[in-house]
Amino acid sequence: MAQTQPEPNQTWLKEYDECQDYGEVYVVKKITRACRSYQTYLTDKYGRKLSPAYRDIGDFEEGLAEFVPMQLSPQGHGLHGFIDKQGKVIVEPKYIATDRFRQGKTWVIYPAATHYGLSYIDKTGKEVYKIPIQHYANDYLINESTIDHTCNHDTKEDVLWWRKGEYFILNFNFTPFVTEQIQRSKHVTPFKYQGKFGIIDPNLVLKVPVALDAIDVDYTYSGQGMQRVQYGNKYGYVSPLTGELIVPFDYTDTRKPTNGLFWVKKNGKWGCIDKTGQLRIPHLYDEATGFTAEDRSAVAINGKFGHIDKSGKVRTPLTYDFASYYQHGLSMVRMMDKYGFIDTTNRLIIPLIYDEAFPFDHLTTIVERYWIRYELSLDGREKFMGFSYKLDAVLIIIGLLLFIWLNSLFLRVFSKFRTVR
């Protein structure tokens, strides 16, 4: 247990204002001016100094203690590292903030260009994970940060960002109950704080800082081992198993994957990426549909439609005014305001004779010709279903106008009859 008052036989401790007992060693502090001037030492149980004077030494955990040397950074902030119980520097003091080791690792914060970055290191100082902070351009900026520490205790130093009266930190903390829930999880855990989302793994390693605007938890746009996330008005993908960012925030729109490919939009054009984020089809298309079992996607450039396969090869020339996705081997196409159906070889199976039509979502579809509706089968056979809804509407309007005219005529005749009487 740590103590702040010396035992009677340890008179040498009386010259210090604070002390922490760690069995064979002590951390002692002499305060000259509170919050301004103080010296901290690691000593053995006889008072012999094992370290030079430091501004602060934190609690020993797993054999190491955080320390802050007397010399501050050029910006006037503490530099944080770790020593062992012999006073040997194990991790050089170069970090803006850190914490005690837990399960062989701890987090460290450091300048990363215009941002502060967050990494996790092991007990040798080796980096084991680094948050890709460069992808979060509008958050955790150095020029928007506040750095402060507790009076006389420089090891209790952290970096804060204030938003609407609430503070955000890179090294996100949880209550013991929530921590226990996270550690029980098999994979990563998304969480929300003040309208923003982050992702943490069962080892309490933060994979995504609290900066996301949305996570596709319902998998409306996700699949193939990638989960869509939103940052600002851009979309990217993370691994739902590890939480690591697979696809940076490069896209203004995305669609659910079909046959292993994701349609993604960039600079107003659609292209395709695979489950690793690699671009498979260039961003060329104004419109695009998902790939169906026929290995076809309907695409458009400058108002002209055709089809491509998963390799990006054009299979139907982009010459139609409209082309639908393929289903049951056929695609609905339109030319000169007439609809017909083609197969995967671009052969016209059902001629362009219909005024209205729908794709073959089932073994039959609905078409209209000369205001008559038919049920159309895959082989082009028609079955009468009735009149077009447009014709029905026209007949209703004509009937209504006829009713109004007859009613008006009746009123005029009735009015004349009353006048004669």
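The model is predicted. Start inside. Nonpolar side chains tend to be buried together in soluble globular proteins. Here the largest nonpolar core has 37 residues. I109, Y116, L118, Y136, Y140, L170 and L212 have the most contacts inside it. Several strands supply at least two residues each, among them strand 9 (105-112), strand 10 (115-122) and strand 13 (153-163). Strand 17 gives the most, with 5 residues.

Look at Y136. Beyond its neighbours within four places in sequence, Y136 is in contact with H115, V208, P209, A211, L212, Y231, L245 and F249. A second, separate core has 11 residues, including L330, Y354, A357 and V367.

Now turn to D253, in strand 22 (residues 253-254). Its relative accessibility is 28%, so D253 counts as partly exposed.

Charged pairs come next. The structure holds 20 salt bridges. D154 and R55 form one of them, at 2.8 Å, N to O. D154 lies in strand 13 and R55 in strand 4 (residues 54-61), so this pair ties together parts 99 residues apart in sequence. Both D154 and R55 are buried.

D213 pairs with K196, with the closest N and O atoms 2.7 Å apart. D213 is partly exposed, at 29% relative accessible area.

Finally, D59, E61 and R100 are linked in a network of salt bridges.

Conventions: Residues are numbered from 1 along each chain as its sequence is written. This is a predicted model: local features need pLDDT of at least 70, side-chain atom pairs count only at pLDDT 80 or more; totals for chains, interfaces and linings use all residues. Side-chain values use heavy atoms; hydrogens and water are left out. A nonpolar core is a set of buried Ala, Val, Leu, Ile, Met, Phe, Trp, Tyr and Cys residues joined through side-chain atoms within 4.5 Å. Buried means under 20% relative accessible area, exposed over 50%, partly exposed in between (1.4 Å probe, protein chains only). Helices (H or I, at least four residues) and strands (E, at least two) are DSSP runs, numbered from the N terminus. Contact means heavy atoms within 4.5 Å. A salt bridge is a side-chain nitrogen of Lys or Arg within 4 Å of a carboxyl oxygen of Asp or Glu.
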